[in-house]
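The stops below can be selected one after another.

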Amino acid sequence: MRPHRYVAALAVAGLLAGCGTAESGSDGPLKMAFVYATSTQNPFQEMAFGAKAGAADAGNVDLALSAPSSVDGPQEVSLFQSAIRNSPDGVALETLTPDLFVRPLNQAADLKVPVVAVDTAPPAGTKVDLYIGNSNTEVGRLLGEEFVKQVPEDATGEVVLGNAIPGLTLLQQRLDGMTSVIKEKRPNLTISGPFDSGSEPTSNFTKWNDIVKAHPDAIAYLGVGAQDAVSLALIQKNTGRKFLAGSCDPDVAALQAVKDGYVFALASPEHWMKGYIALRLLADHKRTGKELPKGWWNTGSLVVNAANIDQIMERQKDEASRKAAFQAEGEKQLADPSKHIKPIGEAN
């Protein structure tokens with residue numbers, strides 16, 4: 001399910017921003033890019049699929065997709081710096097290491113390359129004015145609300161939390177949202193963690209295996225990353241033990257785990273929409289000269305559970321099915337940006 005990189009032949013080294021750039025209103029192809037954290041995990045694949053669809057709907061866009069094969073901040077910086085040289089009409093950036101991008105983002109501004117931050121808010125000290133991402137606090141609350149439906153009001157026991165990337169603000173926001181619901185609605189439960197659950201598939205499984213062994217009597221294990229549900233389902237299959245498990249993101253294996261009853265719910269940040277909106281806005285800005293919106297564009301979230309799992313699995317079947325399912329909502333959001341924009345400082 002790895003997105004393919006597709007881009008027209010580019011000029012040789014030495015290309016500067018502005019050289020070969022399509023002027024506003026021209027019919028020339030726009031050279032644009034989406035640079036993201038890793039090509040091997042579902043959230044980022046979803047954003048790339050959305051970016052491809054957005055570029056296709058904008059029309060006449062040469063889009064370069066680039067990402068490391070695992071989370072590697074310095075390598076992603078290098079890819080971004082290449083993108084602002086080779087794709088000067090606009091770059092959408094998703095990163096899990098935003099602090100490394102202060103200088104590169106300022107380089108893009110100096111070269112007058114339009115940049116939109118996707119999924120992760122732009123770091124302080126940069127001139128990026130548009131952030132496209134869901135409310136991660138809401139994602140956490142949605143998962144928390146699904147969890148409390150699974151246990152009685154007077155339930156006792158241990159609930160163990162995992163954090164795939166400790167220190168990453170957006171995942172901490174999800175944890176904060178989830179724990180606030182659990183503490184409010186199931187106050188007799190004991191919350192342990194969050195423990196580092198690792199973001200890469202192999203490390204995530206190993207770390208969750210260790211966490212479950214260290215907390216063998218917990219009634220639930222809840223994560224906020226893309227691999228958590230996959231690993232927790234596999235642990236149940238391997239051990240024959242059944243426990244409550246929930247997480248985020250519509251990874252194909254996580255969806256199957258919901259279908260099979262190993263995971264009670266996923267809270268989806270609807271990553272596809274972020275990539276789609278970002279590329280549509282960048283292309284429109286370059287073609288028409290219309291100013292990019294300023295602020296936090298909240299693209300929305302979704303609960304995936306037994307009630308809608310068949311529908312969502314059908315939606316996630318391939319790129320065409322995703323586009324068919326999301327396109328109407330994308331057009332609706334683009335038609336009235338004011339309903340989705342808040343100050344970046346309010347992003348949560």
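Start at the end of helix 3, which is followed by Lys 112, a residue with a positive phi near 60°. Helices (H or I, at least four residues) and strands (E, at least two) are DSSP runs, numbered from the N terminus. This is a predicted model, in which local features need pLDDT of at least 70 and side-chain atom pairs count only at pLDDT 80 or more, while totals for chains, interfaces and linings use all residues. Residues are numbered from 1 along each chain as its sequence is written, and side-chain values use heavy atoms, with hydrogens and water left out.

Stay on Lys 112. This residue is not a glycine, although its phi is positive. Lys 112 lies in the loop between helix 3 and strand 4. Is Lys 112 buried or exposed? Lys 112 counts as exposed because its relative accessibility is 69%. The cut-offs are under 20% relative accessible area for buried and over 50% for exposed, with partly exposed in between (1.4 Å probe, protein chains only).

Next, select helix 3 itself, residues 102-110, and color Pro 104, Leu 105 and Ala 108, which are buried. These residues are on the same side of helix 3, because they cover an arc of only 100° around the axis; the arc is that of the directions from the helix axis to the C-beta atoms. Arg 103 and Asp 110, on the other side of helix 3, are exposed.

What do the buried residues of helix 3 pack against? Show helix 2 (73-86), strand 3 (90-93) and strand 4 (115-118): the buried residues of helix 3 pack against these elements. Contact here means heavy atoms within 4.5 Å.

Move to Asn 60, in the loop between helix 1 (42-58) and strand 2 (61-66). Asn 60 is a residue other than glycine with a positive phi, near 55°. Its relative accessibility is 41%, so Asn 60 counts as partly exposed.

Now select Arg 280 in helix 9 (residues 271-288). Arg 280 counts as buried because its relative accessibility is 19%. Leaving aside residues up to four places away in sequence, Arg 280 touches Gly 54, Asp 57, Ala 58, Glu 331 and Leu 334. With Glu 331 there is a side-chain polar contact of 2.9 Å. A polar contact is a pair of N or O atoms within 3.5 Å; within protein, one must be able to donate a hydrogen and the other to accept it, and residues adjacent in sequence count only if both atoms are side-chain atoms.

Finish at strand 7 (residues 189-196), where Pro 194 is found. The peptide bond that joins Gly 193 and Pro 194 is cis, with omega about 10°.
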